[in-house]
Structures are given as C-alpha cells and as structure tokens.
Amino acid sequence: MTLWLYLHFPSLQLDSLFCEQTDQALIVISEKNNEVIQLNKAAENAGIKPGMGLATSAALHSELCVHPHNADIEEKKLKEISHTLYTVTSDISLCKPQGLLLRVSQMLTLYKNLRHYWREISAQLRELPFKYHFATAYSPLAASLLSKAGANKIYQNPQKILSILKNRPLSETALSTHQIEQLRRVGIKTLSQLFDIPMAELAKRFNVDVVNYIGQLTGQFQYPVQFYHPPEQFNRYLELLFEVENLQQLHTPLFKLLSYLESFLQERDQFAHELLLQLHQRNKQHSEVISNSAEGDYLAKRWQTLFELHFESVKLSAPIIGITLCATRVVPRSQAGGSETLDLFDGKKAHHSPLELVSTLQAKLGESAVQRVSLNNDNRPGLNSIHSPIQALQTSANTVNSNHVTPDKAFTRPSILLPTPQILTEKAVILHGPERVATGWWDEKKMVRDYFIVRTNSGAWLWVFRTPDQNWFVHGLFC
Amino acid sequence: MNDLLDFLAKKNLIWRGKQNTPASHLEQSGYQSLDEHLKGGFPQRGVISINSPTGIGELRLLIPGMLEKKRLTVFINPPGHLNAEFLHHQGFDLNLVLLISTHKKNEALWSAEQCLKSGACSAVVLWQNFQEVHQVKRLQLACNTGNCVQFLLRTTQTHQQQNLFSLPVSLNINLRPHWQGLETTITKQKGGWPLKKFTIDMSSHWPYLSYQKANNVVAFPHTKAM
C-alpha cells in the first residue's frame with residue numbers, strides 16, 4: 001500500500017496577499033454568492049465567520065478589506081508551494097483549488113523514517129506564509145478527507161489511520177448531499193457504518209458513484225493521480241495588498257521575490273544573467289524592467305541594487321497592483337562570468353570557450369551583430385568576402401581554390417572594403433595598377449573595373465577602381 | 001613608508017627611471033624598428049591606444065603581432081567590411097576571427113570587455129574615438145583577467161580635442177602617414193620613457209604601399225573634384 005500525505009491550505013489567497021500590517025481585517029469572498037470563504041485573525045476577532053454574507057460582515061467591521069476570490073491566484077500559489085517542496089520530495093500532485101498530494105512511500109527510501117520526512121517537509125512549509133492542515137493515509141482520498149477535517153496528524157500505522165477515518169461524519173466526505181441523505185435514511189451516519197457494509201451489498205443498493213468513492217477511500221480501487229513537475233524557469237507573481245504609486249515602496253516586496261529567486265538559483269547551482277520584472281498597473285498596462293548582470297549573480301541584495309538603478313528611469317502611468325519576477329537568462333554557475341580560476345602566479349584567469357563568448361554576445365546584441373568572415377570562391381572584389389552570423393564556430397576548411405591565390409594578391413588587397421563604393425573626391429597618386437577585373441557576365445553582378453592602389457595627399461592608401469566610363473570610385477582602405 | 005615601497009617594488013608595481021627592462025611579457029610586432037623602440041614589442045596584455053588617421057596603415061602595423069593561432073581575434077565596429085581575403089593572405093585562420101557590429105557606443109565597449117575577460121580571445125581591435133578614463137580602466141582590468149590585448153584605434157583629430165586627460169593605457173602610439181610606412185611617436189609606455197618621432201619602414205611587408213619600390217609613379221590622370 002502506498003502512503004499519501006495531503007496538505008490542505010484553507011486560506012491560500014488570503015495568505016498570499018503581501019501584507020505588512022496584520023491588524024487590518026481581511027476577507028476573501030466567493031464571487032458566486034458573496035459569502036466569506038477566507039478571513040484573517042483580525043476579521044475573526046470582529047465576529048466574522050466563514051459562510052457569512054458580505055453585508056453582514058461589512059456591518060460587523062467598519063474598515064473591512066474585501067478581496068474577491070480568484071482561482072488563478074490560488075493555482076499559481078499552489079504551484080509555487082510545489083516548487084518549494086519539489087526540492088525535498090519528488091511526487092507531487094496538485095489538487096485544485098487548495099490542496100497538494102504527496103506520495104510518501106517512495107520517499108521513505110531516501111529519508112530515515114516518516115518523522116524525518118515530515119520534518120523536512122514542514123521546514124519548507126514554515127518558510128512560506130501559508131496556513132495549512134495535513135494528514136497521512138493509505139489512499140489519496142482518505143488523506144484529503146482527514147487533512148480537510150484538520151486532523152494534523154502523521155501516522156504510518158494503517159489501523160490507527162482507519163480508526164480515525166471511521167469516526168469522521170459522512171458530511172465531510174466528497175459524497176453529494178443527495179447521496180448522504182440517502183445513506184442517512186437507511187441509518188448510516190458515519191464512515192465506520194459504511195465500511196461495515198460489504199462492497200457487493202453496497203453496489204446493489206446504491207449508485208455506482210458511492211461504490212467508487214468508498215472503494216477509492218479505502219484504497220481498494222485505484223484513484224487516478226497526475227503528478228506535477230515544476231518547470232525549470234523561475235517565474236513568480238506577487239500581488240500587492242496596497243496600490244503602489246512610488247517605486248521606492250516596491251523595495252520590500254521586490255526583495256521578497258528576489259530572495260525566492262536566490263534560493264531557487266542556489267538550490268540549482270545557477271546564476272542569473274538577466275531578470276525581467278513586470279509591474280502590473282491598475283489600468284491593465286504592464287511596464288517591464290529588464291536588469292542585466294554580465295557576470296551573473298544569484299544574490300538578492302545585488303539584484304536589488306541593480307533594479308533600484310533601473311527604477312530611476314521608469315515612469316508609471318497608474319498605480320502598481322502586482323509584480324512578476326522572471327529569470328529570463330539563467331546559466332549553470334560554472335558557465336557564468338564567475339568561471340575564473342585562481343592561478344597562484346598570474347591571479348584570476350578566465351576560461352570561457354569561444355562558443356560561450358559568442359552566445360553571451362549574441363544574447364545581448366542580437367544574432368546578426370556577431371559575425372564571422374569567410375572567403376567565397378568568387379573573383380569579384382566585394383563578393384569574395386562574406387560576413388555571416390555565427391550559428392556555431394565551425395572548423396571547416398576554407399573552400400578556397402588555391403590556384404587563384406597569386407602571391408601578388410597578398411599585397412594588393414585592402415583590409416577594409418567599403419560596403420558600397422564611394423566616389424573618389426581627393427587628389428591622389430597611383431602607385432600600383434591597373435589590375436583589370438572583367439567578369440561576372442553570367443549573373444546580374446557583371447563587373448568591368450580597373451583597380452589601382454593610390455595614396456591620397458593626406459597620406460591614406462586607398463583601393464580605387466575606374467569604370468569603363470572613366471568614373472573613379474574608392475572601394476577599400478589599406479588600414 | 002619604505003616598507004611599502006619595498007613591498008610594491010617586490011611585486012613589480014613600481015617602475016624606476018633607470019630601469020631598462022620592461023616588466024610585462026612582450027610580443028614581437030613584426031616590424032624591426034618598432035620592436036627596437038618598444039624594447040621587444042607590444043605588451044601581451046593591456047590596452048594599447050593607436051591614434052591615427054584612417055587608412056594609413058594602422059591596422060597593417062598590428063596584424064603581424066596578432067597572428068596567434070589558438071585563440072580568437074575580435075574586430076569591433078571597423079570602418080567598413082573587414083576583407084576576408086586580406087585576413088586570409090595575412091595568415092589568419094578565418095574560423096578564429098569574430099566580427100562584431102554594434103549600434104551603440106556602450107554596447108561596443110561592453111562587448112570588448114566581454115571578449116577581453118572571457119579568456120577565449122588573444123586580441124580585440126576596437127574602432128572608437130572617445131573613451132572615458134574609467135572605461136579604459138575597466139578594459140585594462142578585463143585584459144588582465146582574460147590575458148588579452150586590446151587595441152583602441154582612434155582617429156587623430158578627436159584625440160587632439162580631448163588631450164586633457166591621459167588615459168590609463170599601457171601604450172599610446174601616435175601615427176602619421178609617411179611615404180615609406182608610418183611616422184611614429186610613442187607618447188606613453190608602461191615601463192619606459194616616451195619616445196620622439198621615428199619612422200617604421202613597412203616597405204618589406206607592403207612593397208606596393210611604399211614609395212621606395214614603386215618607381216612607376218604616374219601622375220594621376222583625371223581627378224574628379226566633387
């Protein structure tokens with residue numbers, strides 16, 4: 001039998017609000033029927049109870065802060081929790097809207113025993129601001145039932161778990177009210193009574209759903225579980241409790257996100273090169289702040305100072321209601337800028353491969369900005385030298401026909417070619433030439449030119465050509 | 001105070017005027033007269049500033065010293081298309097040549113710094129006229145990290161405009177055109193004195209680009225003054 005641990009987060013949305021002062025009464029109401037579904041301590045003290053209407057609760061507290069329930073936020077938070085837990089446990093399943101199911105049995109080979117395992121899990125959960133209930137059982141449904149009932153007990157003994165489970169009333173099960181009513185009419189009020197009835201008998205009398213549920217609850221039937229594997233990218237959203245108009249007030253919430261990032265990167269031994277901060281504004285516009293660190297960094301403190309430098313140039317059109325932090329460029333630490341070795345005599349020395357360098361350059365400047373030059377098997381000046389963006393540094397042999405390389409060419413070719421020939425405007429003296437190029441009749445770039453090396457009066461060496469109609473153009477510089 | 005001086009002297013961080021041997025490693029430039037004046041050649045790492053008008057042979061002066069086969073040579077923002085044929089004839093392995101073109105000045109400096117400190121390059125040539133003191137200092141540090149040499153090619157006029165500050169470069173060379181090669185002045189040299197004008201004869205490397213051998217000078221037929 002597989003042991004399962006279920007974590008139930010009763011006030012997921014409420015706890016996720018970024019909140020500094022705790023004396024503010026907060027409630028989350030369901031959009032369907034305006035009933036209170038989550039509330040904090042201050043609201044509870046004012047006499048507000050779950051299930052109350054909005055009007056009643058507003059009457060009980062004059063400065064009540066009301067948030068509509070948002071399933072998206074809860075799902076995001078649930079994923080974030082699973083990201084945190086994923087570092088200590090492997091099989092996690094999301095039970096929307098408020099639960100996480102962990103498969104314990106396999107993990108017990110890694111941890112000494114259940115207590116040790118639970119200590120690791122609870123240490124992770126303690127870092128998070130969420131209230132939670134927990135319970136273990138030998139079927140996912142039973143664990144969920146016990147956890148939602150607030151059992152908060154970790155047992156491994158099947159008998160013990162079963163005895164607790166048996167005491168739970170039917171109203172706590174996932175059976176519909178109609179089915180519970182049906183069972184009540186025949187005198188079945190607790191799970192223990194239901195478990196006493198043999199399956200075959202149950203199947204005769206009741207709906208197939210009831211049978212399935214009971215089977216899955218006791219672990220006789222398989223309950224389908226889909227495991228969730230967190231993505232490898234850091235992307236977190238933080239909703240702000242209050243609207244921020246001044247970017248300096250973002251200091252604390254941003255630091256919170258950055259410290260999540262810090263632990264995320266630290267656990268994976270990675271450095272971030274580029275972070276993207278989205279500021280969600282009330283008027284539905286997003287402004288984005290991109291911060292780069294060429295050296296790569298994971299420390300929250302350093303990123304914080306970088307972001308604060310960027311904030312100076314950000315203009316807001318509306319107050320900010322939430323922020324998202326996303327690590328857009330992350331590399332293993334060994335490949336980051338910090339890959340320097342300390343030589344005893346020469347001090348710090350870097351050892352990047354050319355490819356790493358090229359990818360760094362391309363990431364910032366764009367693919368086309370970093371090029372390689374190669375020879376083309378064409379005799380026409382300007383066409384025999386090709387610039388192409390680098391895909392990979394190939395070590396292919398140059399496809400140049402050595403026949404057409406005459407020793408003379410080594411001395412008569414300029415270092416820089418002008419992209420388009422310019423009209424010669426300076427007085428100059430011819431020192432070498434002409435060298436006639438009359439070729440290319442087979443395509444559109446037909447060329448008839450006489451090339452000369454000239455020296456201008458100002459001392460520059462130019463590669464000029466004369467066209468058949470006696471116009472003079474500069475084509476290259478002997479830099 | 002004396003202790004401190006001793007300490008710095010032991011670390012080879014003090015240069016004394018009577019000292020003749022330069023401290024850092026040198027790489028032969030390939031031009032004999034230049035090597036003689038530099039007591040051996042260009043420094044193997046550090047920033048070398050070349051102030052020169054465009055097209056008089058400033059790059060040709062550097063090429064023989066850059067022909068290291070194993071690591072990359074990077075050219076940033078050259079004043080036109082770099083000619084593959086030229087590099088090939090000079091003996092470059094074209095697979096080890098990178099060409100970077102940037103739109104912004106700061107991006108050029110950033111990429112130079114990245115290349116220098118990566119350790120994957122042996123030389124970086126940057127065509128840029130104006131740098132601040134702190135920018136050059138950063139390049140200098142990057143050179144030391146990556147064991148690389150940075151050539152800054154600047155056109156002379158702008159240099160004269162901002163002559164007020166001396167940049168923290170290892171070597172500062174001013175070039176003027178000359179019929180046989182280049183007229184050279186070394187205005188700053190790490191571990192050495194500034195030097196007066198001398199001529200680098202490039203006629204053996206570039207027979208067609210010097211007056212001596214080119215006896216066939218013809219008056220230019222029609223120059224179109226535009």
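Helices H12(A) and H13(A) are oblique to each other, because their axes cross at roughly 140°; angles under 35 degrees count as roughly parallel, over 145 as roughly antiparallel, 65 to 115 as roughly perpendicular and the rest as oblique. Helices here (H or I, at least four residues) and strands (E, at least two) are DSSP runs, numbered from the N terminus. The axes, which are lines fitted to C-alpha atoms, for helices over the stretch in contact, with angles from 0 to 180 degrees between N-to-C directions, come within 9 Å for this pair.

Please keep in mind that this is a predicted model, in which local features need pLDDT of at least 70 and side-chain atom pairs count only at pLDDT 80 or more, while totals for chains, interfaces and linings use all residues. Residues are numbered from 1 along each chain as its sequence is written, chains are lettered from A and ligands numbered from 1 in the order in which they are written, and side-chain values use heavy atoms, with hydrogens and water left out.

The crossing of H12(A) and H13(A) is right-handed; a crossing is left-handed if the near helix is turned anticlockwise from the far one by less than a right angle, and right-handed if clockwise. In contact terms (heavy atoms within 4.5 Å), residues of H12(A) including A:Leu254, A:Phe255 and A:Leu258 meet residues of H13(A) including A:Trp303, A:Phe307 and A:Phe311. This contact has eight nonpolar, three polar and three charged residues, where Ala, Val, Leu, Ile, Met, Phe, Trp, Tyr, Cys and Pro count as nonpolar, Asp, Glu, Lys and Arg as charged, and the others, Gly among them, as polar.

| Helix pair | Axes come within | Crossing angle |
|---|---|---|
| H12(A) and H13(A) | 9 Å | roughly 140° |
| H14(A) and H5(B) | 10 Å | roughly 165° |
| H5(B) and H6(B) | 7 Å | roughly 25° |

H14(A) and H5(B) come from two chains and are roughly antiparallel to each other, with a right-handed crossing. Among the residues in this contact are A:Leu357, A:Leu361 and A:Leu365 from H14(A), and B:Trp110, B:Gln114 and B:Cys115 from H5(B). By class, five are nonpolar, four polar and two charged.

H5(B) and H6(B), in turn, are roughly parallel to each other. Their contact includes B:Leu109, B:Ala112 and B:Leu116 of H5(B), together with B:Leu139, B:Ala142 and B:Cys143 of H6(B). Its residues divide into six nonpolar, four polar and four charged.

On a 1 Å grid over the protein atoms alone, a cavity is a set of points where a 1.4 Å probe fits but cannot get out, and lining residues have an atom within 4 Å of a point. Of its 14 lining residues, A:Lys77, A:Glu80, A:Pro129, A:Phe130 and A:Tyr260 are the closest to the centre. The lining comprises eight nonpolar, one polar and five charged residues.

Two backbone details are worth a look in the loops. The peptide bond from A:Lys96 to A:Pro97 is cis, with omega near 5°, and A:Pro97 sits in the loop between strands S5 and S6 of chain A. B:Lys39 has a positive phi, near 55°, in the loop between helix H2 and strand S2 of chain B. Most residues other than glycine have a negative phi, and most peptide bonds are trans.

How values were computed. 1 Å grid on protein atoms, 1.4 Å probe; cavity = no way out; pocket = protein on both sides within 12 Å on 5 of 7 lines; lining within 4 Å.
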